[in-house]
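Q: Can you walk me through this one? I'd like the overall picture, then some individual elements and residues.

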Amino acid sequence: MIRKSGGAGRSMVGGEFSRHFASGDGSDPLRDAFARRSAVMPFRGRQRLPPGEFQATWQQILSVPSPPRKRLAYIHVPFCANHCLFCGFYRNAYVPDAGADYAGLVVEEIRREAASPAIRNSPVHAVYLGGGTPTALGATELSRIIATVRAELPLAADCEITVEGRIIHFDPEKIDACLEAGANRFSIGVQSFDTAVRRRQGRRASREEAIRFLEDLRDRDRAALVIDLIYGLPGQTPEVWRQDLETAAALAPDGIDLYGLNLIPGTPLSTAIAAGKFPAAPGLAELGGFYDAGAKFFRRRNWRQISNNHWGRTTRERNLYNLLIKEGADCIAFGSGAGGSIGEISYALASDLVQYRQDLAAGRKPLGMVTTSDALQPLRNFVTASFEVGRLDMAALAALAGDEVAASFAPLLSQWQETGLLSFVGDTVELTVAGRFWYANLISAFHDILEHRLQSAIDAA
Ligand SMILES: C[S@@+](CC[C@H](N)C(=O)[O-])C[C@H]1O[C@@H](n2cnc3c(N)ncnc32)[C@H](O)[C@@H]1O
Ligand code: SF4
C-alpha cells in the first residue's frame, strides 16, 4: 500500500510525474507551491456526440429506469438584474415578461419528462435552483417552478431544495413564495460587505442593506441560510477581508462559502484591469493568505469544514447538492444553460433562449451538447470528491484502481508531503490548509496520471 517514502520519491518518477511536483521548499506552500491555480476540467475524457444523435440518445436515456443511487436535480435561471464585473455566469438581462414566460417553459420541460422511467424510478436527494439569479424571477414564477419540482419529481422526504439568489430584488413576497412552495435552503451571494468594494463590482445594496436583509432571512428560521463571499476583489484589503469574515459569521448563518477571485478573461473586471481602470488583481500568494485567514477564522470558532471552500455552523447545513455533484451523482437538468448527467452521458441545454424556446415548441429536448464519458470517469469522480473534502483514502483508491495504479502515486504524494501540502494518517491522505487551497492542482495531477496509465494500458494491449 501507499506509504510516505521520505526523500526518495523524486528519483523514482520521470518528468511526466515530476511536472506535478510542488515547487518551493515547503516553508510557505500557500504562497508558492504552484505557478498557477488549475481548474478542474469537467469535460476530461469525454467524447461529443454529433448533434444528429442528440434526440434519439435522449429518448433512449429517458426509457431506462434510473439505478437506486442518490441523485440530484438542477434548474437554471439565466437572468440577472445586471452584469457584476467579476462574473462569468451572466447571460441575459432580467425583464419581468421574459421571466414569466421562462418559468412557463421550464415547467413544461419538467412535466414532459417527469413520468419517464429515468426520472420517476428513484428519489432525488437535492434540488438546486441556480443561475444567473433565480431570485430575479417574480414571486409567482419562483413559486410555480418550485411547486412543479415538488409535484412532478420523486423527491426524497428530506430533499434539500436550494434557491440561489442575491439581495437586490429578493423582497419578502418572494422569500415567502419560495418558503411556501417548499424551498428549505437559500444560498445568497454577498461577495463582500464593504459598500465601496461591492458597488465597484455592480452590487447595489449597501453594507447596511445587506445586513438587514440577511438578518430578516435568518430570523424567519424556516430554511438554511448560506452566504457566499469572494476574496481578492479590487479594494478588498486583508483588513476588509477580516471584517467580511467577522460580519458574515456574526450574522450566524448556517453555512459560508469562500471563493478566491477567478479573473475570468472576457469579464468586465478583466477588461477593466487590462485597460488600467482597476489595479491588477491579487497574485496567488495574496489569495493564499486570504484563504489561510478564512480557514483559521473558522477553526477558531469551531465551524465544521464541509469541503475546501465551505464551512457549516449548524447541523441544518448539509451542502448536499455540492457534495453529491462532486461525487459524480446523476443530475437531471432543466432550463436554458443547465448542465446535467445521467450514467455515462453528460449534457448541456441550449444557453441561447431563442433556441431553448424553439426546441421545446417543436417537442425536442433543447440539447446544446451531449458527451459520453470514458471508463476512467468513476475514478476521476472518486479523486475529485475526495480532494474536495480534503481527504483521500488510498486503500479505497487501490480497491477501485488496483494496487499498482494506487502505488504509482507514492512518489508524488511523498513530494507533496515534503512541500507541506498533505500529511498521512495511516493510508489516508489529509490535505493541509495549503493543500486545500491548491486542491484543484492536486486533482488535475491525479487525473493526468490516471489518463497516462489508461493510455499506457491501451498502447500495451
Ligand atoms: C453562480 S454565482 C450566482 C450568484 C448570484 N447570482 C449572485 O449574484 O450572488 C455563485 C457564486 O459564484 C461566485 N463567483 C462568481 N463569479 C466568481 C469569480 N469570478 N470568482 C470567484 N467566485 C465567483 C460568487 O461567490 C457567487 O455568489
Ligand atoms: S454574480 Fe450573480 S447577479 Fe452578478 S452577474 Fe453573476 S450570476 Fe448574475
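A: What follows goes from the whole chain to single residues.

Q: Before that, what kind of model is it, and how are things numbered and counted?
A: This is a predicted model, where local features need pLDDT of at least 70 and side-chain atom pairs count only at pLDDT 80 or more, while totals for chains, interfaces and linings use all residues. Residues are numbered from 1 along each chain as its sequence is written, chains are lettered from A and ligands numbered from 1 in the order in which they are written, and side-chain values use heavy atoms, with hydrogens and water left out.

Q: Fine. How many helices and strands?
A: The protein has 21 helices and 18 strands. Helices (H or I, at least four residues) and strands (E, at least two) are DSSP runs, numbered from the N terminus.

Q: What about the radius of gyration?
A: It is 23 Å, which agrees with the value near 23 Å for a compact globule of 461 residues. The radius is taken over C-alpha atoms, and the globule rule is 2.2 Å times the number of residues to the power 0.38. Along the principal axes, the C-alpha atoms fill a box of roughly 65 × 55 × 45 Å.

Q: How much of it is buried?
A: Of the 461 residues, 54% are buried. Buried means under 20% relative accessible area, exposed over 50%, and partly exposed in between (1.4 Å probe, protein chains only).

Q: And which sequence separations do the contacts join?
A: Among contacts between residues at least 6 apart in sequence, 74% join residues at least 24 apart. Contact means heavy atoms within 4.5 Å.

Q: What does S7 pair with?
A: Strand S6 (residues 155-166) runs parallel to S7, with 5 bridges between them, and Gly165 stands opposite Ile188. S7 also pairs in the parallel sense with strand S8 (residues 224-231), over 6 bridges; there, Ala224 is the bridge partner of Arg185. Two strands pair if DSSP finds at least two bridges between them.

Q: Which residues does Asn319 touch?
A: Leaving aside neighbours within four places in sequence, Asn319 is in contact with Glu160, Arg185, Ile306, Ser307 and His310. Asn319 lies in the loop between strand S11 (310-312) and helix H14 (320-326), and counts as buried at 2% relative accessibility.

Q: Switching to H19, which of its residues are buried?
A: Ala410, Pro411, Leu412, Leu413, Ser414, Gln415 and Trp416. That is 7 of the 9 residues of the helix (residues 410-418), so H19 is largely enclosed by the rest of the structure. Gly420, with a positive phi near 85°, follows H19.

Q: Where is the cis peptide bond?
A: It joins Gly131 and Gly132, with omega about 20°. Gly132 lies in the loop between strand S5 (124-131) and helix H7 (139-152).

Q: What is the phi of His169, and of Asn302?
A: His169 has a positive phi of about 75° although it is not a glycine, and Asn302, also not a glycine, has a positive phi of about 65°. His169 is in the loop between S6 and helix H8 (172-181) and is partly exposed at 41%. Asn302 sits in the loop between helix H13 (284-300) and strand S10 (304-307) and is exposed at 71%.
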